[in-house]
Amino acid sequence: MASFYLLLIYNLFFSSFFNSIYSKTLVLPLKIQHIPSGSGQKPPNKLSFNHNVSLTVALAVGTPPQQVVVVLDTGSELTWLRCKQTPTTPLWFDPLNSTSYTPVVCSHPTCTTRTRDLILPASCDPKKLCHVIVSYADATSVEGNLAIDTFRFAGFDPTRIVFGCMDTGSSSDPDEDSKSTGLLGMNRGSLSFVTQMGYPKFSYCISGRDSTGVLVFGEVNVSWLVPLSYTPLVNISTPLPYFDRVAYTVQLEGIKVSETVLGLPKSVYEPDHTGAGQTMVDSGTQFTFLLGPVYTALRNEYLNQTKAVLRVYEDPDFVFQGAMDLCYRIDPTRGGLPMLPSVTMMFRGAQMSVSGEKLLVRVPGFIKGNDEIHCFTFGNSDLLGIEAYVIGHHHQQNMWMEFDLANSRVGLAEVRCDLASQNLGVGL
C-alpha cells in the first residue's frame, strides 16, 4: 500500500462575535485545503491508526500576541502548545517573549485539584512548577508544565487560559509535529478550552463536497436550521478503569443495514462493569470503529447485501489503516459507485444514517490490476486495541452536530453544510 494519504485541513478563521460570553455567538467558517500527496500531515495520534483529517484553529497567545495553529479535538481535554523549537517542530510558542505568561506552581489549586481528569496526575519539577505528562493510547506523549496565558481572538476580549507548555514529546510520525503548534482540547474536562471559556454549547457542520464548513460557539438562532434530534450524554459518576468520564459519550442501541437491524442484544452496545464499550463522538478520528462482535455482524450483513453489486478484494492480509478489513475492487471506468445499502446507527433518541460515498473510501495510490480498492468506512476497534466505539467525523459530514454541555446532550440533524456555511456567513 502506498504511504501517502489524501489530507483535508480545515483552517478556521474567526468572523463574528456578540455581547457577553454566555450570549456571544462565535462563528468560524471552515476552509478545506487539499494537501499534495506525500506531505504526511496528520494531527496528534490519540489512537494507533492514522487520522487523515486535521481541524486546525488559528489564534493568538501571549503578550505581545504570538500566532499559533492548534488541532481542534473533541476527544482531548488539555490544550497544549509546544514551547521548544526543534528541527522537526518549527511552529512553537515562546513563553519568554510573553509578559502575560504565568507558570503554575505546585501549590496552586489548578495543580492540586483541576488536573484530576488528566491521564497522569501532575507532579512537581525541581523548580516547584506543576509538571504534567499527557499520554495517548498509541504510546505517544507530550510533557511539560502547566501555565496560564492570554488567548486572543479578533473582536473578543482576551481570556486567561490554563494550558500545557510542553517541551518534550514522542510521536509515531515526527513529520506531524511540524504542521501545528499544539492541540485545542474540547471535551468536557475542567481544563478543556470550551469549559474554561464558559460556552454552554458549540456546534459544527462539515461539508464533504465543496471545501466549506462552519464551527460555532454559542447559540444558533436561524430559521433554516431544522429541529435537532437529541441523544443524552452518558454520565457515570463512579470512576471506572476504561471509561472516559469527560468524553462526549452517547448510548448506541443498534445498527441497521438498509432496513435490516443487526440481530444483537442491546447489551453488547453498553459499557461493561469496567467501563469498556462506551460510544464516543470524536472530531479527532476520521472513520467509525466498532467493537469486534458488532463489527463482525455489520461486516457479514453488509457483505450479504452488496454481493450482487460489489466485488470483494480477496486478500486476507490487507487491512486499511490497521482496522478496516472489508474492501472492494471498483472499476474506475464505471463512473461512480453503485447504489449501496445505507448503514444507520441508532442512538437513544436519535440516529445517524450513513449512505452513498460516505460508505466507501478509496485507498489512495493502490491499484490491483485495473481496479481501484475502496474500503468500508467502519472498522474493527479490537484490531486497534481500543475498548470503545468511536464515531468519527467522516460519518458526521452534512450533519449539524451540536454539543450541548449545559443540558448534557448531543444534537444532530441532516443539513447541507455547504449551504449552512454560506447562510451563517451572512445571517448571524
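**Exercise 1. Decide whether Ser 203 is buried or exposed.**

Solution. The relative accessibility of Ser 203 is 1%. Buried means under 20% relative accessible area, so Ser 203 counts as buried. The structure examined here and in the exercises below is a predicted model.

**Exercise 2. Locate Ser 203 in the chain and describe its surroundings.**

Solution. Begin with the element: Ser 203 belongs to strand β12, which covers residues 201-206. Next, set aside the neighbours within four places in sequence; Ser 203 is then in contact with Val 214, Leu 215 and Val 216, and also with Trp 400, Met 401 and Glu 402. Finally, look at the side chains: those of Ser 203 and Trp 400 are joined by a polar contact of 3.5 Å.

**Exercise 3. Summarise the chain as a whole.**

Solution. Count the elements to begin with: the chain has four helices and 29 strands. Then consider burial: of the 428 residues, 57% are buried. The accessible surface amounts to about 17,600 Å², and carbon and sulfur atoms contribute 53% of it. As to contacts with a separation of 6 or more, 70% are between residues 24 or more positions apart.

**Exercise 4. Characterise Thr 344 by its position, burial and contacts.**

Solution. Thr 344 is a residue of strand β22. Its relative accessibility is 4%, so Thr 344 counts as buried. Leaving out residues up to four places away in sequence, Thr 344 touches Gly 254, Ile 255 and Lys 256, together with Gln 351, Met 352 and Ser 353. With Ser 353 there is also a polar contact between side chains, at 3.4 Å.

**Exercise 5. Determine the strand order of the open sheet that contains β25.**

Solution. The order is β20-β21-β25-β24, an open sheet of four strands with antiparallel pairing. At its edges are β20 (311-312) and β24 (360-368), each of which pairs on one side only. β24 and strand β25 (residues 371-376) run antiparallel and are joined by five bridges. In this pair, Lys 368 stands opposite Asp 371 of β25. Helix α3 packs on the sheet, where it touches β20, β21 (327-330) and β25, and its direction makes about 25 degrees with that of β21.

**Exercise 6. Compare how β11 pairs with β4 and with β5.**

Solution. β4 (residues 66-73) and β11 (residues 182-185) pair in the parallel sense over four bridges. In that pairing, Val 70 stands opposite Gly 182. β5 (residues 80-82), by contrast, runs antiparallel to β11 and is joined to it by two bridges. Here Trp 80 has Leu 183 as its bridge partner.

**Exercise 7. Examine the backbone at Pro 64, Ser 258 and Gln 321.**

Solution. The background is that most residues other than glycine have a negative phi, and most peptide bonds are trans. Thr 63 and Pro 64 are joined by a cis peptide bond, with omega at about -5 degrees; Pro 64 is in the loop between β3 (53-61) and β4. Ser 258, not a glycine, has a positive phi of about 55 degrees. Ser 258 is found in the loop between β16 and β17 and, at 32% relative accessibility, counts as partly exposed. Gln 321, also not a glycine, has a positive phi of about 55 degrees. Gln 321 is placed in the loop between β20 and β21 and is buried, its relative accessible area being 6%.

Methods. Residues are numbered from 1 along each chain as its sequence is written. This is a predicted model: local features need pLDDT of at least 70, side-chain atom pairs count only at pLDDT 80 or more; totals for chains, interfaces and linings use all residues. Side-chain values use heavy atoms; hydrogens and water are left out. Buried means under 20% relative accessible area, exposed over 50%, partly exposed in between (1.4 Å probe, protein chains only). A polar contact is a pair of N or O atoms within 3.5 Å; within protein, one must be able to donate a hydrogen and the other to accept it, and residues adjacent in sequence count only if both atoms are side-chain atoms. Contact means heavy atoms within 4.5 Å. Accessible areas come from the Shrake-Rupley method with a 1.4 Å probe; for residues, only the protein chains shown count as cover. Two strands pair if DSSP finds at least two bridges between them. Axes are lines fitted to C-alpha atoms, for helices over the stretch in contact, and angles run from 0 to 180 degrees between N-to-C directions.
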